[in-house]
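Here is a short briefing to read alongside the structure. Have the viewer open and follow the residues as they come up.

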Amino acid sequence: MLCVSGKIFERILYNNLYGFLTTNNLLSAKQSGFKSGDSCINQLLSITHNIYKSLDQGYEVRGVFLDISKAFDRVWHEGLIYKLKRNGIDGNLINLFKKFLYFRKQRVVLNGQFSDWKPIQAGVPQGSILGPLFFLIYVNDISDGLQSEVKLFADDPSLFSTIYDSDECARLLNSDLLLIQIWANQWKMSFNPDPSKQAQEVIFSHKVNKPAHPELTFNENTINSISHQKHLDIILDQKLNFQIGRAHV
């Protein structure tokens, strides 16, 4: 919870920082979360348009869906400061952001017992105005060097590749997944270990006799191929029928 003066000050900082980043095209166009003029609807329209285009041409599309674990809590402060500097933020402003992030502590209270205070070296403050923008800056380079079509919505990356050749498609996706894994290790991020939220893929197809495709791996685990996937509250199935709750679209 923020006091009124704190909210006003953060909003002034946010408006100027966001304006600088957008004016200089520093935020990835692949990211649709927390951006003015963009939304989950825009991303879903883009995804489905591209998949339908490939299906109409007689091709299949492999879609891989990832989930970053506790993403906002894992924003490494030193890494964020480095990336802010890399984007041209320096001087008094970077010192202000350091004071905003550093010197925070936390402890646990259980049944009236208190743990020792421990310094917090990662995570953006919950409920802050700057927090979501800091997160976007931190994950902004996750798609650098990837060859497949990448879509980001906050902490939900997804990859899509039209299958012109099944072996080449698998090679490309596995290469991109390895780069994402390397990125996560470098920047102290991790992907959800929950079996229900691990990397999963859907092969979108209108073919009656679906061919076999080479497996994909992520974090040394084989990616499960499933018949449908919930993405941004929309359930996409293999034939690209939409389901919102119990209603089909």
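Ser-158 touches Val-64, Phe-65, Glu-149, Val-150, Lys-151 and His-231, leaving aside its neighbours within four places in sequence. This residue lies in strand β7 and is buried, with a relative accessible area of 0%. Please keep in mind that the model is predicted.

- The C-alpha atom of Ser-158 is separated by 14 Å from that of Ala-29, a residue 129 places away along the chain.
- Gln-200 sits in strand β8, which covers residues 200-204.
- Gln-200 counts as buried because its relative accessibility is 15%, and the cut-off for buried is under 20%.
- Setting aside neighbours within four places in sequence, Gln-200 is in contact with Gly-63, Val-64, Phe-65, Ile-223, Asn-224, Ile-226 and Gln-229.

**The protein as a whole**

- The secondary structure comes to six helices and 15 strands.
- Along its principal axes, the C-alpha trace spans about 60 × 45 × 35 Å.
- The protein has 249 residues, and 43% of them are buried.
- Of the contacts between residues at least 6 apart in sequence, 73% join residues at least 24 apart.

**Helix α1 and its two partners**

- How do α1 and α5 lie relative to each other, roughly parallel or roughly antiparallel? Their axes come within 10 Å and cross at roughly 25°, and because angles under 35 degrees count as roughly parallel, α1 and α5 are roughly parallel to each other.
- The crossing of α1 past α5 is left-handed.
- On the α1 side this contact uses Tyr-14, Leu-17, Tyr-18 and Leu-21, and on the α5 side Leu-133, Phe-134 and Ile-137.
- Sorted by class, the α1 contact with α5 has seven nonpolar residues, no polar ones and no charged ones.
- With α4 (residues 91-101), helix α1 (residues 4-23) has axes that come within 13 Å and cross at roughly 130°, which makes α1 oblique to α4.
- The crossing of α1 past α4 is left-handed, and the contact is made by Phe-9, Glu-10, Leu-13 and Leu-17 of α1 with Leu-93, Leu-96, Phe-97 and Phe-100 of α4.
- By class, the α1 contact with α4 has seven nonpolar residues, no polar ones and one charged one.
- Leu-17 of α1 takes part in the contact with α4 and in the contact with α5.

- Helix α6 covers residues 166-186, which is 21 residues, and reaches 30 Å from its first C-alpha to its last, close to the 30 Å expected at 1.5 Å a residue.
- Which residues of α6 are buried? They are Cys-169, Ala-170, Leu-172, Leu-173, Asp-176, Leu-177, Ile-180, Gln-181, Trp-183 and Ala-184.
- As background to that pattern, an α-helix has 3.6 residues a turn, so residues three or four places apart point the same way.
- The cover over the buried residues of α6 includes β1 (60-65), α3 (77-86), α5 (131-139), β7 (156-163) and β9 (217-218).
- In α3, the buried residues are His-77, Gly-79, Leu-80, Ile-81, Lys-83 and Leu-84, and they pack against α4, α5 and α6.
- After α3 comes Gly-88, whose phi is positive, near 95°.

- Phe-34 has a phi near 60°, a positive value in a residue other than glycine.
- Phe-34 is found in the loop between α1 and α2 (40-56) and is partly exposed, with a relative accessible area of 40%.
- Phe-103 has a phi near 65°, again positive in a residue other than glycine.
- Where is Phe-103 placed? The loop between α4 and β2 (105-106) holds Phe-103.
- Phe-103 counts as exposed because its relative accessibility is 74%, and the cut-off for exposed is over 50%.

Note on methods:
Residues numbered from 1 in each chain as written. Predicted model: local features only at pLDDT ≥ 70, side-chain atom pairs only at ≥ 80, totals over all residues. Heavy atoms only, no water. Axes fitted to C-alpha atoms, helices over the stretch in contact; angles between N-to-C directions. Helix = DSSP H or I, 4+ residues; strand = E, 2+ residues; numbered from the N terminus. Parallel < 35°, antiparallel > 145°, perpendicular 65-115°, else oblique. Left-handed = near helix turned anticlockwise from the far one by under 90°. Contact = heavy atoms within 4.5 Å. Nonpolar A, V, L, I, M, F, W, Y, C, P; charged D, E, K, R; others polar. Expected span 1.5 Å × (residues − 1). Buried < 20%, exposed > 50% of the residue type's maximum accessible area, 1.4 Å probe, protein only.
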